[in-house]
Amino acid sequence: MSAKNAQAGSSLWRDAWLRMGRNKAAMASLAVFTLMVFLCFVMAWFCKDPNAVTLTNKFAPPSGDHWMGTDALGRDLFSRILYGGQISILVGLVATAVSVCIGVSYGALSGFAGGRIDATMMRVVDTLLSIPFLVVVIVLQAVLSDWSSDTSSWIVTHWKWDKTFTDRLTNIVPLFFALGLFGWLTLARIVRAQVMSLKEREFVEAARALGYNRFRILVRHIIPNTLGPTVVYATLTVPGFIMYEATLSYLGLGVEAPNSSWGILIKEGANFMETHPGLLLIPGIFFSLTLFSLNFLGDGLRDALDVKASKD
Amino acid sequence: MPLLDVQNLKTYFHTRAGTTRAVDDISFSLEKGEIVGVVGESGSGKSVTCHSILGLLPQPPARVEGGSVTFDGDELIGLDPLLLRAVRGRRISMIFQDPMSCLNPYLRILDQVAEPILVHEDVSREEAESRALEMLKKVGIRDAEKRANSFPHVFSGGMRQRAMIAMALVTKPDVLFADEPTTALDVTVQARILQILRDLRDELGVAVLFITHDLGVVAEVADRVVVMYRGKVVEQGTVRELFKNPSHPYVKGLLACRPSFETKYHILPTVEDFLETKTASDGSVTLRERSDAAQRLEKLESDGDLEGASDSSALLLEVKDLKVHFRSVGGFGGKPREVVKAVDGVSLNIHKGRTLGLVGESGCGKTTTGRAILQLICPTSGNVTYAGVSLSGLAAEEIRPFRKRMQIIFQDPYASLNPRMTIEQALLEPMNFHNIGSGREDRRARVVSLLEEVGLSSSHLRRYPHEFSGGQRQRLCVARALTVEPEFIVCDECVSAMDVSVQAQVLNLLRELQDRRGLTYLFISHDLSVVKFVSDEVAVMQAGRIVEQNDAEQLYRNPVNDYTRQLLDAVPQSDF
């Protein structure tokens with residue numbers, strides 16, 4: 001996306017930023033989201049080991065030592081939430097970014113080309129949509145799990161990275177592949193429909209009359225006008241991806257134990273819902289706060305990107 | 001006592017940005033069986049008046065702040081919504097501008113026309129349908145029995161508007177509000193609809209409040225006229241009185257700036273030549289007649305004598321036997337493809353520095369012709385020769401140099417500007433792309449001087465298209481076309497969606513640019529008066545072919561072709 005954004009002209013984004021500054025809900029959401037990212041990606045390094053089991057201290061209530069108590073194995077919940085957040089936020093954002101990149105380019109090309117190219121490209125989308133998602137993920141996981149452990153050890157020996165960290169990273173790469181491979185399909189259809197109506201608009205014809213080539217028309221005149229729906233759809237898919245990750249992890253296909261993610265924490269917490277509701281509620285609150293802030297942010301972005309929005 | 005009496009009606013819109021006085025203290029009346037035309041430009045409050053009377057405005061933001069509307073002795077303002085609903089549709093009906101979107105596409109015509117009867121009267125379905133059928137015959141739908149059972153999409157625009165009128169009159173209302181009912185229609189269809197309205201008035205005795213921006217239509221159909229400007233009634237009187245002796249400067253300007261077949265001006269007068277607008281610090285506006293209006297008009301008239309100086313010049317564009325055929329998309333294994341002959345053998349010659357007017361009704365292929373000449377649509381056959389070079393069969397790369405020399409201005413200036421680009425970006429882009437001007441600063445300077453040339457200023461550079469008015473947007477489109485310094489411009493219905501006062505300004509701009517830069521125009525329009533004003537030569541198009549082409553004066557004075565004569569007769573005339 002970023003390359004296209006740069007070409008859409010800096011002032012569109014500068015104006016959008018100014019407009020967003022006036023939207024209090026969006027700015028508050030931005031603050032909440034930034035705080036989440038800060039907690040998970042910076043604070044986490046100063047926390048306790050999330051995988052350190054202390055069986056003598058399970059289900060401990062919040063205390064000075066364990067800010068949010070401990071879980072069924074006596075692991076510190078706070079640091080597990082922060083480490084889990086790394087995975088969840090990464091999965092959500094990276095998978096969305098991947099699907100936006102593929103979806104927008106694919107959909108725009110398909111809609112702009114029209115005719116047989118469009119028909120063929122859309123049949124490919126239909127075909128992919130008809131393949132059961134889980135089957136592909138299982139296959140991918142099987143194929144890529146060897147690859148990911150190989151890569152991990154390669155990085156550790158060559159680049160001298162921390163082993164647990166590298167493992168955690170390569171562990172979720174197949175997940176990105178799986179989600180990215182399927183996430184863009186709907187967006188491609190949305191963008192295609194937008195482009196098909198936009199390319200009939202007179203400003204596109206005016207651009208043709210001015211002799212611009214097709215690439216320029218598509219990138220500079222059509223794609224920027226599809227931004228509104230794309231942004232909204234993208235922010236709505238982030239929670240979707242996080243949920244997918246949780247589902248897959250639950251089935252043992254995503255993040256591997258003992259690593260955590262918000263999805264895993266919520267599933268684990270659900271087991272002790274009646275006796276220790278905190279194990280469900282606290283990760284749930286983190287999860288919902290992030291999703292809420294992303295949704296408001298998406299709405300704010302859409303309004304901010306709408307140049308027709310009033311100036312007051 | 002008049003049937004409908006509006007006294008001191010005030011409707012304000014309260015928004016965050018402030019209060020807009022959409023209707024500001026207006027009074028007029030409507031007698032039984034009378035047709036009153038309400039004329040004004042867009043935003044003058046004529047539709048709001050109508051909607052206020054019927055209680056159809058969204059409240060808030062709108063609020064009726066004062067005044068009274070008495071209908072047949074009853075006060076309508078502040079009436080209980082339930083009682084008002086019994087008036088609406090039964091005693092006061094309404095028809096709208098766009099017959100395409102006012103009919104429900106999922107219901108048969110007969111059902112829709114019968115619906116008001118079933119809602120307002122306690123009659124059987126059979127009786128309602130038979131009355132609906134009768135009304136459909138009255139508004140001139142042939143084979144009504146057969147066609148009444150079809151759905152709206154098979155009806156043409158004129159037929160749909162007839163169905164709308166039938167729907168409005170089927171309950172035998174006392175008053176009909178017609179809100180721009182013929183604006184979206186071709187002149188010949190418009191003439192028939194106006195005739196039907198007058199006949200129905202005579203037959204049913206219904207009073208009509210006819211809202212329009214077109215003075216010609218009012219002169220044709222109305223008994224009395226109310227002219228609105230900025231929410232106020234500036235003048236009212238009988239049609240003859242008002243057209244012969246307008247007293248308010250706005251009305252004088254409005255009448256003068258409308259090109260007619262007799263217009264002799266080289267540059268049209270505008271409303272500003274008559275009217276001086278002063279906005280006080282509290283936002284109130286005072287309108288005054290210009291003291292030098294007479295001199296201004298005289299000057300314009302004397303300038304008109306210059307015309308006819310340019311005669312035979314070099315041939316710039318030659319179109320020979322141009323054909324554009326579209327294949328309708330056949331379904332997968334469905335019905336075979338049909339060929340639509342949008343343009344079917346058009347030949348034209350355009351001389352340098354002159355204007356060729358291309359007139360015809362919607363769907364006759366005039367727009368397609370313009371686009372095929374510019375090679376925006378690939379012609380099926382035929383040849384376009386521009387300055388001695390044949391454009392047919394050139395590759396995209398080879399066409400590019402010609403894109404600088406030929407430009408197009410569209411009907412809807414808003415749709416033809418990218419909503420996400422500032423004016424500066426939109427005007428710089430063509431220069432950057434075609435490498436016009438030396439360096440950034442030079443291009444910027446060119447943009448500023450272009451904006452000034454089309455009557456805008458450099459303070460507009462950072463704005464987006466939606467922040468401009470319709471007329472300003474069209475100036476922007478003209479400026480953008482001029483960035484590449486073309487010599488030939490296709491104007492595709494470029495003033496058709498505008499108020500007459502704005503239209504006059506844009507027409508004057510085009511004319512001034514032609515005088516200054518020696519531009520050549522192909523002026524495509526359905527408005528015969530406008531075409532007469534701008535063109536040196538006129539071609540009349542019907543069903544993909546040119547039926548007559550001649551010098552403008554000659555063609556309008558002595559039309560040879562039947563279709564041309566029909567078109568000319570259908571134009572509403574206001575000569576008294």
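**Strands and a helix in chain B**

Val359(B) stands opposite Ser525(B) in β20(B). The model is predicted.

Student: In which sense do β15 and β20 of chain B pair?
Tutor: Take the two stretches in turn. β15 covers residues 355–359 and β20 covers residues 520–525 of chain B. Five bridges join them, and the sense is parallel.

Student: What is the order of the strands in the open sheet of six strands?
Tutor: The pairing in this sheet of chain B is mixed. Neighbouring strands are turned by 15° against each other on average, direction ignored. The order is β18-β19-β20-β15-β21-β22.

Student: Which strands stand at the edges of that sheet?
Tutor: Look for strands with a single partner strand. Such a strand has one side left without a neighbour in the sheet, because nothing pairs there. The edge strands of chain B are β18 (406–409) and β22 (545–551).

Student: Which residue is the bridge partner of Glu318(B) in β14(B)?
Tutor: β13 (residues 315–327) and β14 (residues 339–351) of chain B pair in the antiparallel sense over ten bridges. Glu318(B) has its partner in β14(B), and that is Asn349(B).

Student: Which residue of β16(B) is the bridge partner of Val319(B)?
Tutor: β13(B) also pairs with β16 (residues 381–386) of chain B. That pairing is antiparallel, over five bridges. The partner of Val319(B) is Val384(B).

Student: How many of the eight residues of helix α11 of chain B are buried?
Tutor: A residue is buried if 20 or more other C-beta atoms lie within 10 Å of its own. The buried residues of α11(B) include Tyr250(B), Lys252(B) and Leu255(B). The helix is largely enclosed by the rest of the structure, because the buried count is eight of the eight.

Key
Residues numbered from 1 in each chain as written. Chains lettered and ligands numbered in written order. Predicted model: local features only at pLDDT ≥ 70, side-chain atom pairs only at ≥ 80, totals over all residues. Pairing = 2+ DSSP bridges. Helix = DSSP H or I, 4+ residues; strand = E, 2+ residues; numbered from the N terminus. Axes fitted to C-alpha atoms, helices over the stretch in contact; angles between N-to-C directions. Buried ≥ 20, exposed ≤ 12 C-beta atoms within 10 Å, placed from the backbone.
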